[in-house]
Every structure is written in C-alpha cells, then in structure tokens.
Number of protein chains: 2
Amino acid sequence: MIRILLADDEHLIRGAMAALLSLEDDLEVVAQAATGKEALATARIVRPDVAVIDLQMPDLDGVAVAQSLATELPTCGTMIVTSHGRPGHLKRALAAGVRGFLPKTVSSDVLATVVRTVHTGGRYVDPALAAEAISAGDSPLTPREADVLELALEGAPIDEIARRASLSPGTVRNYLSSAVGKTGASNRHEAARFARAKGWI
Amino acid sequence: MIRILLADDEHLIRGAMAALLSLEDDLEVVAQAATGKEALATARIVRPDVAVIDLQMPDLDGVAVAQSLATELPTCGTMIVTSHGRPGHLKRALAAGVRGFLPKTVSSDVLATVVRTVHTGGRYVDPALAAEAISAGDSPLTPREADVLELALEGAPIDEIARRASLSPGTVRNYLSSAVGKTGASNRHEAARFARAKGWI
DNA sequence: AAAACCCCATGACAGATGTCATGGTCGTCA
DNA sequence: TGACGACCATGACATCTGTCATGGGGTTTT
C-alpha cells in the first residue's frame with residue numbers, strides 16, 4: 001500500500017483527487033494539506049511514501065515544499081501537479097529533487113501510474129511540459145537582471161523598482177535595457193511578460 | 001436523480017469531480033467536456049439538468065457557454081466553478097443567467113448542495129466572491145478605454161496598440177491617460193493590471 | 001434645444017524611459 | 001596574473017509616454 005500526502009489549496013480539487021486516488025487498490029491518501037507549511041508539518045508526522053503537491057499554494061511554493069521534503073524525508077518521493085506549468089518551474093522542481101511533474105490535464109490513470117513510478121524511485125515528466133522547457137532554453141538573464149525584471153512585472157515605475165531593489169535608477173535602467181535586448185522586447189513590460197512566460201523569473 | 005454535465009479543461013480535475021459527485025446518491029454525471037464548444041455540443045444531446053462549468057477553458061469562456069445554454073436549454077441550470085475568481089466574471093456570469101458561482105476552494109459538500117440548489121431553481125454565490133465583487137464596484141471605464149487598456153495588458157508600445165485598435169496614437173494616449181487617472185495608477189501597465197484585477201477588462 | 005457624455009483627433013510640453021559610452025570594484029577561471 | 005564577466009554607477013541623448021487644452025461629430029437624457 002502506497003501512503004500518499006496530498007497538498008492543494010483548492011479544497012474541491014484536493015478532495016476530488018483524494019477520492020480518485022482512493023479508488024486504486026494499492027494507493028491510500030493518508031493526509032491532506034491546504035498550504036505549503038501545513039504540508040510540511042503534516043509530512044513530518046505521517047511520513048508518507050509519496051507527496052503529491054500542487055505548484056501554486058498560498059504560503060509556500062510547491063517547489064519550496066519539495067526542497068524541504070527532500071532533506072527532511074529522503075525516503076518520500078515528491079511529485080508536483082500544476083494548472084499552469086511554466087518551463088522555469090519544471091527546471092526548479094527537478095533541481096529540488098522532484099521526481100514527477102504533471103499538468104492537471106492528465107487523466108487519473110496517468111496520475112496513479114506516476115504515483116507508483118515515483119514510489120519505486122522512477123521519474124516521470126509530462127512530455128508536453130518537457131518539450132516546452134527544452135524549447136524555452138536556459139535563461140540568458142543575469143541574476144540581477146532577473147531580479148529587476150521581476151520587480152518590473154507589476155508595472156511599477158523605475159524609481160520604485162530602484163527603491164525596492166536598493167539600486168540607483170540609472171542602474172535599474174541599464175539592467176532593464178539589457179534585459180529588453182536579450183528578450184527582443186520593445187520595452188521592459190513586454191520583456192517582463194516574456195521572461196515570465198519562459199519561466200525565467 | 002439530477003443529471004449533470006461537467007465541463008473542465010483539466011482532465012484530472014474533471015475526472016476527480018465526477019468521481020466525487022457520483023458518490024452522492026441523487027447526483028449523476030451523465031456527460032463530460034473539455035472545451036466550451038464540446039460542452040455546448042454535448043449539452044444539446046444529453047440535455048442535462050445542471051451544467052457545472054469551469055470558467056477558463058480553451059476555446060469558449062465559461063460565461064459564453066452559460067449564455068448559449070440559457071437560450072438553448074432554458075430548463076438546464078448553469079453553475080460555474082473557478083480557480084481564480086475575478087469580480088467582473090461574477091457579474092458577467094450572473095447576467096448570463098448563471099445561478100451558481102463557486103471557487104474551487106469550497107468543499108465537495110458545498111458543491112453537491114449547490115448543484116441541488118441550482119436544480120430546484122435557486123441561486124448560490126460564494127460569499128467571499130460576492131463580497132469581492134461588491135467592493136470592486138462598477139467599472140468606471142468607458143468601453144473604448146477598456147478596449148485600449150486590454151490591448152495594453154501585454155505591454156505593447158502605444159503605436160502597436162493604436163494599430164490594433166485602429167486608432168491614432170494620440171487618441172490611444174488620451175484613453176490610456178484617462179484610464180490611468182481613473183485607476184489611480186502611475187502608468188498604463190499598472191492601470192491595466194489593476195483593471196484586470198478588478199475584473200473590468 | 002441644451003446639456004452631458006462618449007468617440008476620435010491634433011498639438012504642445014514635461015517627465016519617464018531606453019540606449020549608449022564610460023569607468024570602477026569584485027570574484028572566477030584559465 | 002590577466003582576461004572575463006557580473007555588478008554598480010553616472011551622464012548624455014533620443015524617444016516614448018502621460019497630461020492637458022482644444023475641437024468636431026455623434027447619441028442620449030433632460
């Protein structure tokens with residue numbers, strides 16, 4: 001019997017997935033959590049075999065949870081399901097020791113199969129997401145450029161970005177200009193959206 | 001027995017919700033669809049009692065589906081479930097004749113209850129979403145302002161917006177300036193994000 | 001009919017932004 | 001050690017954007 005921890009902030013979906021996994025004879029949902037922190041706390045207690053974690057959760061990111069789990073419970077396989085999978089997430093997730101990465105568009109059969117695969121130490125990444133990640137390529141942005149571009153995402157004016165990044169406005173403009181060049185965009189807002197789509201920020 | 005049509009592009013979630021609804025004695029999922037068009041086509045054939053529709057789907061918006069259903073199958077109650085509920089959607093949905101509006105964070109009990117409520121002709125709107133919608137208020141944007149602001153969402157420069165809207169760049173700037181004033185933002189990008197958050201565009 | 005509003009446009013101005021050149025510090029790697 | 005690149009900053013310039021004033025044409029309301 002594979003003991004599963006299920007974490008997803010959407011109650012309905014979490015419950016539904018639990019119902020669905022429980023239909024399998026060899027799977028058992030032993031715990032559920034609605035937030036990242038809750039997931040970690042619960043995992044420490046129940047020590048599940050496999051953790052199925054939603055990528056976007058209120059407090060702690062799914063990848064962050066995976067990272068903590070990898071060190072605290074090395075025997076627990078971690079897999080991530082997500083609605084909007086961006087390339088960067090996949091890369092970060094794999095780096096965090098995640099062994100399964102699925103969009104929520106897959107069928108329940110696949111989900112169950114992957115749970116078993118992960119439990120036996122295997123890996124599974126959704127082919128479509130993998131292809132996307134490969135085509136997205138590595139980020140050409142330097143860490144600072146990425147930082148600044150991320151602050152630009154919300155549309156803030158440069159002075160505010162400079163304040164938030166503790167940089168001079170001129171420096172911010174240089175980084176943004178460089179980022180705009182690298183992304184082929186025509187202004188920082190487009191560049192920020194592009195980088196977000198690629199999963200670079 | 002209440003006959004339900006389930007539409008959601010995320011296979012896993014759709015299947016899971018179906019499994020969950022089927023646990024109820026008086027509910028029966030008679031059809032499923034992954035896109036808006038598919039939902040409409042299927043609905044015409046199976047003529048369900050209640051349609052449970054996801055808001056965001058590839059081709060046709062959940063609200064658009066509801067609108068068509070309202071005229072084609074007036075006996076069929078329509079309810080919408082959504083992950084990211086923005087105020088504007090709720091308003092549009094209600095105008096389209098939707099009688100139930102829920103975030104996916106609700107429990108399965110609530111979902112089943114609301115299905116029954118909608119089936120008997122009642123209405124149910126999630127309290128949190130209703131409060132948000134009320135606090136968001138009506139859009140102060142004129143139709144044209146909303147159009148232009150929507151084109152500005154992607155970060156395009158003004159010239160491109162002007163081309164796409166078939167307007168002179170000067171006019172675009174006027175509309176945007178007006179929108180920026182109304183939203184209290186400091187530039188069009190911030191204004192666009194704000195309006196999006198409020199559900200105005 | 002006048003008022004009020006939306007639509008579209010132009011011109012002018014100030015301030016924000018993108019680009020480029022330049023230069024210094026620091027760490028890494030050959 | 002020297003080359004390289006990331007990091008931070010400044011100044012100058014051209015362009016883009018936001019704002020305001022102005023005006024004509026249209027519809028709806030009063």
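**Exercise 1. Find which helices supply at least two residues each of the surface near DNA strand D, and describe that surface.**

Step 1. Three helices qualify: helix H7 (143–152) and H9 of chain A, and H9 of chain B. Helices here are DSSP runs of H or I with at least four residues, strands are runs of E with at least two, and both are numbered from the N terminus.

Step 2. Before going on, know your source: this is a predicted model, in which local features need pLDDT of at least 70, side-chain atom pairs count only at pLDDT 80 or more, and totals for chains, interfaces and linings use all residues. Residues are numbered from 1 along each chain as its sequence is written, chains are lettered from A and ligands numbered from 1 in the order in which they are written, and side-chain values use heavy atoms, with hydrogens and water left out.

Step 3. Now list the neighbours. DNA strand D is surrounded by 17 residues, and the closest are Thr142(A), Arg144(A), Asn174(A), Tyr175(A) and Arg173(B). A residue is near a strand if one of its heavy atoms lies within 4 Å of it.

Step 4. Sort the surface by class: six residues are nonpolar, eight polar and three charged. In this scheme Ala, Val, Leu, Ile, Met, Phe, Trp, Tyr, Cys and Pro are nonpolar, Asp, Glu, Lys and Arg are charged, and the others, Gly among them, are polar.

Step 5. Sugar or phosphate provides 52% of the atoms of DNA strand D within 4 Å of the protein, and bases provide the rest.

**Exercise 2. Which atoms of chain A lie close to phosphate oxygens of DNA strand D?**

Step 1. Start with side chains. An N or O atom in the side chain of Arg144(A) is 2.8 Å from a phosphate oxygen, and one in the side chain of Thr171(A) is 3.4 Å from a phosphate oxygen.

**Exercise 3. Describe the surroundings of DNA strand C.**

Step 1. There are 18 residues around DNA strand C, with Arg173(A), Arg188(A), Arg144(B), Ser168(B) and Asn174(B) the closest.

Step 2. H9(B) gives the largest share of this surface, five residues. By class, the surface has six nonpolar, eight polar and four charged residues.

Step 3. Pick out individual atom pairs. A polar side-chain atom of Asn174(A) lies 2.9 Å from a base nitrogen. Phosphate oxygens are approached by a polar side-chain atom of Ser177(A), at 3.2 Å, and by a backbone N or O atom of Ile158(A), also at 3.2 Å.

**Exercise 4. Is Asp8(B) buried or exposed, and what does it touch?**

Step 1. Locate Asp8(B): it sits in the loop between strand E1 (2–7) and helix H1 (11–22) of chain B.

Step 2. Asp8(B) is buried, with a relative accessible area of 2%. Buried means under 20%, exposed over 50%, and partly exposed in between, using a 1.4 Å probe and protein chains only.

Step 3. Leaving out residues up to four places away in sequence, Asp8(B) touches several residues, including Ile13(B), Asp54(B) and Lys104(B); a contact means heavy atoms within 4.5 Å.

Step 4. A polar atom of the Asp8(B) side chain also lies 2.8 Å from the backbone nitrogen of Glu10(B).

**Exercise 5. Which residues of H7(A) are buried, and what covers them?**

Step 1. The buried ones are Glu145(A), Ala146(A), Val148(A), Leu149(A), Leu151(A) and Ala152(A).

Step 2. Their cover includes helix H8 (158–165), H9 and helix H10 (188–198) of chain A.

Conventions. Polar contact = N/O pair within 3.5 Å; in protein donor to acceptor, adjacent residues only side chain to side chain.
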